[in-house]
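I opened my notebook to look a few things up in this structure. Here it is, for anyone who wants to follow along.

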Amino acid sequence: MKQQRAQVCTSAVSLALASMAAPAAFGQDTQVVVVTAQSRSQQIQNVPISIQTMSGAALKDQGAASLADIDAFVPGLAIDTAQSTRPSVFLRGVGTEDFGIGTDSPVGIYTDGVYTGKTGGSMLNFNDVKRIEVLKGPQGTLFGRNAAAGAISIVTNEPVNRTEASGLVRLGSYGSQHVEALVNTPLSDVVALRVSAISQQDRGWAYNQWNGSHMGDSGDRGLRAAVRWQGNGSSAILGFEHEVMREAGPAVFSVTGGKINFGAPTTWTDPLKQPLINDATPNMQSRTFDGVNLRIEHPLSFATLSSTTAYRHFNSQNWQDNDASANPAAYLATGNVESNATWQQEFKLSGQSGALDWVSGISAFRERATETESVDATTTSLDTIIKAASGLAPYATLTQLAQGVGKATGNSALQGYSLMGQPWREAVIDRGDYRAYAIYGDVIWHATPSTNLTLGGRYTHDQKSFSWYNPVRTAATLDAQLAALKQLNFFNTLVALKQLTAQQAALLQKVTSSNVEFNNPGSTSAPYTSSRSWNNFSPRVVLDHHLNADTMLFASWSKGYQAGGFDAVGVNGHYDEELVTNLELGIKGQLKAIGLSYGASVFRYKYTNLQSLTLVPASATSGIPSYQVVNSDQKATGLDLEAQWKIDRIWRLTGSLEYLDQTYDHYLAPTGVTLDGQPAGAPFLSAAAGVAARWPVLSGKADFSLQYGYMGNKRCNDDTRKLGTCLFSNDVGAGKAREKVDLRLGWTAATGHWGVGLIVNNLTNKQYVSISTLGSATGSPYAYVSKPRVVALELHGDL
């Protein structure tokens, strides 16, 4: 009876391993889909939490290359990878757009139980993936401090003791070439090796009129290898992963028709009707990633001991245009160069004692990161920036004065003098050293054969050290010209000629030699260092009750935590920890007679000090808009629904939906707008639906699937309407509802060893925009544009 009760209940260890909406294999009842982790198995209908999964086979059939390709079909999940090395991930409206190394995402991403760390190393291409689980709501008890909003767990295939080999080639639009290869082989009775490789390339969908190149491309190659040893009940898996990504910089389109326009967002134009003109140099994105992990499992007399040891390292770069034009007076570009290394060690004990199913563990995490954020401009565009902020155009003024002095004094060297068009770069260099330690426990009490109570908690200690260094700007050719002016006693001459006062001359000399964006005097000559530490206990309580073998009710209360951190561009800027409390009630069930399974849950959460990144507009003291990490209190009420219906042996329907009412509780935006009680941005509604079929044809099997994803209009507030990042009243329509439709039609030979397929991503060819106001410093705000329709033909085979 105890064993039977254990099968009916949920184990806290395997919360990440069930799906409320994952389709089963064809010919299999949806009600017996089983998912496993940490040596435990569960039927998905017995998991009292909102979870959605996708199998590796489904991802491959859909043509999904990374997490960015699946968010449209997971209601409540939103992933923006307009900048490949700086993605943003939101779940149930909670996430961060911060790309600085001083913060973390509240949506934890894990690969084979290993925390991926900063988002710059999280969006790797899918390589031999077994399944993906998306867990909604705080998952701190077992996943850790940075899963306050939820967790995404990627599980890869392990080596098996049999020979396997497979390959796939996919060719399509924009010169796309997608190749996969896999070999699995036993090395002995107890040792097996598995190696997989993947390459995805295309030339890009957007033509850059500036230099004739293509942008919006992809270029990624990856290798994964693992060795598994199994013997006497113990096992060990040593894995290695390597990936190299090289792409053009993010393509940005003007919303001002390529003209300088400091007017309101209502004067903007549709970027989808504008040519692509990006003149930044350099203009590229890259990432090199390496990871090693060792997982060991060993049975003890009273429990199972498991150990996870992992090391991950990546270097990334992002250089891009920030004015979307070829106008010299608007030139603005940014760069981000990051190096990140993490080490993780976790020991876990799990077992059963009478009516108790328990797990406990300790973990340690270390991260070292460096980041250089650069801003490139010219003296011409600096005039635009500074004049817009203060009314002064220093370089045009000095050029005019120099030419005037040259004519007045007969100095030929000054008569043709010009300070315009000289390159200028500023940078802030950040370093972070982070440590985290945790101890946790989770116990399920099988109170009765139909009722289970789970109690869990995690105690975490975080300590972080951070430094900022913003050296004096780099402008070699400008400095040479200024030095020449000094040798000619230029400024003293201007004062003597009464062209300038002594104060005005001093001001111009200071402006031309001082930083505009990164200008904190406390970190100009040497790094400025700050340290902080936080402690937290995050508990959870879950009660589930089975009305019968096919229907379960559940209720959960949990708290989540994310450590505080630092503002990467604001010297000595730091913020406190993020806290969330979540209450959820739900039901899961199935009607076996008609092949229908369903789930529903209602939730309410409240966040304190939710960390987010905001672009602060230019001011008289800061000519270039700057990113700033801010905190707000938010709350939300929501509903998750899902269902899957296996109509017969051929047809299957799936559907899922999330309703979310998310508002600010207390928040004063950096623009000075009070947003208490106003929407935080997440749409009311997101939904997904799918139809799939498989049937005999031509001595083989044909398969068909159509997946539809919908995300409603962003909910604008006074601040986002003012900035134009969420505004439906102009031609841009930033924040409008989005739809995505993916289609697959395939055929597999009777032997099952080879087949062909047609894959269409974004069948309806709809493109959407997201606005960045960073370019507003030079009157050139711009938009990122989503990818158009991609059609590909596939050939696959295996032994």
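**Aromatic pairs**

I started with the rings of this predicted model, and the count came to 16 aromatic pairs. I looked up Tyr 110 and Tyr 115: the ring centres are 5.5 Å apart and the planes stand at 45°, so I noted the pair as tilted. Tyr 110 and Tyr 115 are both buried.

My next pair was Tyr 395 with Trp 424, which is edge-to-face, at 6.5 Å centre to centre and with 70° between the planes. I then checked the accessibility of each. Tyr 395 has 0% relative accessibility and therefore counts as buried. Trp 424 counts as buried too, because its relative accessibility is 3%, and buried means under 20%.

I also wrote down a cluster: ring pairs link Phe 143, Phe 365, Tyr 110 and Tyr 115.

**A mixed sheet**

I turned to the strands next. In what order do the five strands of the open sheet run? I read β3-β9-β10-β7-β8, with mixed pairing. At the edges I have β3 (51-55) and β8 (114-115), each pairing on one side only. Strand β7 (residues 107-111) pairs with β8 in the antiparallel sense, over two bridges. I looked for the bridge partner of Thr 111 and found Val 114, in β8. A reminder to myself: strands of a sheet pair through backbone hydrogen bonds, either parallel or antiparallel.

I found Ser 166 in strand β11 (residues 164-172). Is Ser 166 buried or partly exposed? I put it down as partly exposed, because its relative accessibility is 29%. Leaving out residues up to four places away in sequence, Ser 166 touches Glu 180, Ala 181, Leu 182, Gly 797 and Asp 798. I stopped at Asp 798: Ser 166 and Asp 798 are 632 residues apart in sequence, but 3.9 Å apart in space, C-alpha to C-alpha.

**A nonpolar patch**

On the surface I noted a nonpolar patch formed by Leu 300, Phe 302, Leu 305, Phe 347, Ile 362, Ile 439, Tyr 459 and Phe 537. Together they have about 750 Å² of accessible area. I followed up one of them, Tyr 459, and placed it in strand β24 (residues 451-469). With 40% relative accessibility, Tyr 459 counts as partly exposed.

Which peptide bond did I note as cis? I noted the one from Thr 281 to Pro 282, with omega near 0°. I located Pro 282 in the loop between β18 (252-254) and β19 (284-299).

Asn 232 is not a glycine, yet I read a positive phi of about 55° for it. Asn 232 sits in the loop between β16 (218-231) and β17 (234-248). I logged Asn 232 as exposed because its relative accessibility is 81%.

Asn 609, not a glycine either, has a positive phi of about 60°. I found Asn 609 in strand β30 (residues 596-616). Asn 609 has a relative accessible area of 25%, so I filed it as partly exposed.

Methods:
Residues are numbered from 1 along each chain as its sequence is written. This is a predicted model: local features need pLDDT of at least 70, side-chain atom pairs count only at pLDDT 80 or more; totals for chains, interfaces and linings use all residues. Side-chain values use heavy atoms; hydrogens and water are left out. Patches are made of residues with over 30% relative accessible area and no salt bridge: like charges are joined within 9 Å, nonpolar side chains (Val, Leu, Ile, Met, Phe, Trp, Tyr) within 5 Å. Accessible areas come from the Shrake-Rupley method with a 1.4 Å probe; for residues, only the protein chains shown count as cover. A salt bridge is a side-chain nitrogen of Lys or Arg within 4 Å of a carboxyl oxygen of Asp or Glu. Helices (H or I, at least four residues) and strands (E, at least two) are DSSP runs, numbered from the N terminus. Buried means under 20% relative accessible area, exposed over 50%, partly exposed in between (1.4 Å probe, protein chains only). Two strands pair if DSSP finds at least two bridges between them. Contact means heavy atoms within 4.5 Å. Rings of Phe, Tyr and Trp (its six-membered ring) pair if their centres lie within 6.5 Å; planes under 30 degrees apart count as stacked, over 60 as edge-to-face and the rest as tilted.
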